[in-house]
Amino acid sequence: MEKLVRGDYMYKLYIDEKGPQNSFRKKEVFTMSEKIKYGSDKMHSYVANALLIPVDNLEKVESEFLALERDYLTKRTQLKVNELKGQNILKSNFVYGVSSLKEREVTFYNSVFSILENNGVNNLFFSINKIAIITNGQLGDWILELENRRFITNPAIVQYILTKYAEIESSEEVIDKLLDETVSTKDLLHTIKKDLQKIIECNKNNLRMKRQVDVYKEIVKLIKKYNHLESNPVNIYQFDWSKFTYALDLWITEKEYLGKLKFSDIEVLLDEGMKKHHLDRLKFSRVEENCKSEDHVGLRLTDHLVVLLGNYMYRLRDDSSYNYENPEKIKIISNKWFELNEAQFLLIKRIYIFFLGDDSLYSFVNDTYFDESLNIESFLRYVDSYKNYNEFTQAKVNHPTEHFKIYQNLADYKWEQSNKNAVLVRKKYGSYKKAIESGDMRPL
């Protein structure tokens, strides 16, 4: 347990990450589903979790979790570990999320959420797609310049389209140039234009792709007209920590506005590998880096949470990925995600309540390219839409199809809000670029 000095801080904020990657290169054997080299966890997104625990309840949280951890390890004697990590539990037990968990693991996670709920713990979950980091690094400035000169209205839409294209359909040549910082913006755009034209031609009779083909035609027009615009690519080999910092700032500022706490009430403890200088602009009372989870139970707890949702995102993405051999068929997730017993169903509802069910607007934050995080958000919202297990099992519907409707509705809502924000940003700041430079708008 941590050694507490009473009165120093009112809250401790524990931050851990999954899928960290500060450099990007093409995969040795290029495939359309795995274009760049990912880490050992295969995460296509970087995810982070921040767990805010009141100091007055910290000893209780720690003692209850340590007892739970000891109990779990006595039932899995083959695990020769000093501390229980999320990957120890989910490594081979999470192919279809909670529906793949055994009773022992369901009980464990239910107990974790009971500890958190009963002790006034708050949470922030953040995700950003790795291909989005690359496309924004190479083309973000060009996109912002388009909006700055009034050639487009909403730069977020263009960033989203180019990222989704790069993630799913782009050629090896395009990936090579996206990862080459010596390539000019004009050369990169020319290669993207040629690749998009091929996709448009190949899918001109594909009804499923009609809307996408129309969008790609508009992007081709933009490139033809404005590929001459000067652009200043940022370093594509560095993760943009300002996005996570911005999400953290929003989350705490919202609580500060509501009179719940202040930045100065919080001591931040960062898991090993995370650097405190990224949080310098935020006025926390204290930030400690290189903290070890063996010394801080709060880090173990936030590890379980980030691994839980991070694995859900990865597995859902894997199951719903575009089928290159059958491009005319819409790909939705398998029914196996919904083959739940009552205990599993209730656990998903608790996951929803903890991550998405509070009144905060900023406790679950995704990037401009939001498809992966929207998968888990829509899944949790869909399961939670049923009042009880009996209603869920008796529903005369196809769950994957109904889930996809929720996904589409959420995506449409996000774009509706994004377009409204674009109008407000232009009215107040003149352009997205000026809003971002002011610090009031997060980077694309």
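What covers the buried residues of H14? This report takes up that question for a predicted model, in which local features need pLDDT of at least 70, side-chain atom pairs count only at pLDDT 80 or more, and totals for chains, interfaces and linings use all residues. Residues are numbered from 1 along each chain as its sequence is written, and side-chain values use heavy atoms, with hydrogens and water left out.

**Helix H14**

Among the elements that cover the buried residues of H14 are helix H5 (155-168), H12, helix H13 (389-394) and helix H15 (432-438), where helices (H or I, at least four residues) and strands (E, at least two) are DSSP runs numbered from the N terminus. The buried residues (under 20% relative accessible area with a 1.4 Å probe, protein chains only) of H14 are His399, Pro400, His403, Tyr407, Leu410, Ala411, Trp415, Ser418, Ala422 and Val425. Because the 31 residues of H14 (residues 399-429) should span 45 Å at 1.5 Å a residue, the 44 Å between its end C-alpha atoms agrees with expectation; the expected span is 1.5 Å times one less than the number of residues. Just after H14, Gly430 takes a positive phi of about 95°.

**Cavities**

The structure holds two cavities of 30 Å³ or more. A cavity is a set of points, on a 1 Å grid over the protein atoms alone, where a 1.4 Å probe fits but cannot get out, and lining residues have an atom within 4 Å of a point; a volume is the space filled by probe spheres set on the points, which are joined across faces, edges and corners.

| Cavity | Volume |
|---|---|
| Largest | about 50 Å³ |

Strand E3 (122-129) and helix H12 (371-384) each supply at least two residues of the lining of the largest cavity, which includes Ser127, Asn129, Asp371 and Glu372. The second largest cavity is lined by Trp241, Phe244, Leu270, Met274, Lys275, His278 and Leu279.

**Nonpolar cores**

A nonpolar core is a set of buried Ala, Val, Leu, Ile, Met, Phe, Trp, Tyr and Cys residues joined through side-chain atoms within 4.5 Å. Of the 82 residues in the largest such core, Leu13, Ile15, Ile192, Leu248, Ile266, Val268 and Phe284 touch the most other members, and helix H4 (residues 130-148) gives the most to this core, with nine residues. A second, separate core of 63 residues includes Val112, Phe125, Val307 and Leu309.

Conventions: 1 Å grid on protein atoms, 1.4 Å probe; cavity = no way out; pocket = protein on both sides within 12 Å on 5 of 7 lines; lining within 4 Å. Buried < 20%, exposed > 50% of the residue type's maximum accessible area, 1.4 Å probe, protein only. Contact = heavy atoms within 4.5 Å.
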